[in-house]
Amino acid sequence: QVQLQESGPDLVKPSETLSLTCTVSGGSITTAYYYWSWIRQPPGKGLEWMGAKAYDGSTYDNPSLKSRTSISIDTTKNTLSLQLRSVTPEDTAVYYCTRGTLGDMSTDYWGKGTLVTVSS
């Protein structure tokens with residue numbers, strides 16, 4: 001059973017960088033043919049896919065966030081990381097990491113999510 005657990009600060013100040021880590025257990029992050037995404041949901045709004053890394057290191061970007069976002073994989077720690085630069089209060093959201101399958105692009109596992117608030 002694959003489990004995903006997000007971790008990071010609950011509060012980030014405007015203009016700073018939001019950094020989150022997703023720890024994957026029950027399976028390797030390099031197993032073909034999976035990809036690993038960050039998705040967020042601002043309070044009262046819908047889900048927004050932020051970007052992803054595939055098992056082979058390929059990167060998938062959301063054009064609207066690409067200039068501020070970096071997603072990376074640490075194969076030694078079996079983790080997925082997110083950095084979102086120059087945050088504003090509009091970046092306040094619950095952040096999720098997920099696993100999907102390349103090909104049909106289905107998503108089969110979600111972390112529980114972590115709420116990050118951007119405020120001074």
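This is a predicted model: local features need pLDDT of at least 70, side-chain atom pairs count only at pLDDT 80 or more; totals for chains, interfaces and linings use all residues.
Biologist: What makes β4 and β5 (residues 48–54) a pair of strands?

Modeller: The bridge count does. Pairing needs at least two bridges. β4 and β5 have six, in the antiparallel sense. One example is Ile39, whose bridge partner in β5 is Trp49.

Biologist: Which sense does the pairing of β4 with β9 take, and over how many bridges?

Modeller: Antiparallel, over eight bridges.

Biologist: Why is β4 called largely enclosed?

Modeller: Count its buried residues. Six of the eight residues of β4 are buried, so the rest of the structure largely encloses this strand.

Biologist: What puts the charged end of Arg99 over the ring of Tyr34?

Modeller: Distance is one part of the test. The charged end of Arg99 is 3.5 Å from the ring centre of Tyr34, and the limit is within 6 Å. The other part is direction, within 35 degrees of the ring normal. Arg99 is listed as sitting over the ring of Tyr34.

Biologist: How do you know that Cys22 and Cys97 form a disulfide?

Modeller: Their sulfur atoms are 2.1 Å apart. The cut-off is within 2.5 Å, so the pair qualifies. A search of the whole structure finds one disulfide.

Biologist: Where in the chain do its two cysteines lie?

Modeller: Cys22 is in β3 (residues 18–25) and Cys97 in β9 (residues 93–101). They are 75 residues apart, so the link joins distant parts of the chain. Both Cys22 and Cys97 are buried.

Biologist: Why is this disulfide called right-handed?

Modeller: The torsion about the S-S bond of Cys22 and Cys97 is about 65°, so the label is right-handed.

Biologist: What makes the Tyr33 and Tyr55 rings an edge-to-face pair?

Modeller: Two values. The ring centres of Tyr33 and Tyr55 are 5.5 Å apart, and the limit is within 6.5 Å. Their planes stand at 80°, where edge-to-face needs over 60. The Tyr33 and Tyr55 pair is therefore edge-to-face.

Biologist: Which parts does that pair tie together?

Modeller: Tyr33 is in the loop between β3 and β4, and Tyr55 is in the loop between β5 and β6 (59–61). These parts are 22 residues apart in sequence.

Biologist: Is Tyr33 buried or exposed?

Modeller: Exposed. Tyr33 has a relative accessible area of 53%, and the cut-off is over 50%. Tyr55, at 23%, is partly exposed.

Biologist: How many aromatic pairs are there?

Modeller: Two. Tyr96 and Trp110 also form an edge-to-face pair, with 5.5 Å centre to centre and 80° between the planes. Tyr96 lies in β9 and Trp110 in β10 (residues 106–110), so this pair ties together parts 14 residues apart in sequence.

Biologist: Why does Tyr96 count as buried?

Modeller: Its relative accessibility is 17%. Buried means under 20%, so Tyr96 counts as buried. Trp110 is at 40% and counts as partly exposed.

Biologist: What makes the bond between Ala32 and Tyr33 a cis peptide bond?

Modeller: Look at omega: about -5° for the bond joining Ala32 and Tyr33. Most peptide bonds are trans.

Biologist: Which residues touch the most other members of the largest nonpolar core?

Modeller: Leu18, Trp38, Leu80, Leu82 and Tyr95, out of 22 residues. β3, β4, β8, β9 and β11 (114–118) each give two or more residues. β3 gives the most, with four.

Biologist: Which residues does Tyr95 touch beyond four places in sequence?

Modeller: Among them are Leu18, Leu20, Ile39, Met50, Leu82 and Val116. Glu6 and Arg40 are also included.

Key. Residues are numbered from 1 along each chain as its sequence is written. Side-chain values use heavy atoms; hydrogens and water are left out. Buried means under 20% relative accessible area, exposed over 50%, partly exposed in between (1.4 Å probe, protein chains only). A nonpolar core is a set of buried Ala, Val, Leu, Ile, Met, Phe, Trp, Tyr and Cys residues joined through side-chain atoms within 4.5 Å. Contact means heavy atoms within 4.5 Å. Rings of Phe, Tyr and Trp (its six-membered ring) pair if their centres lie within 6.5 Å; planes under 30 degrees apart count as stacked, over 60 as edge-to-face and the rest as tilted.
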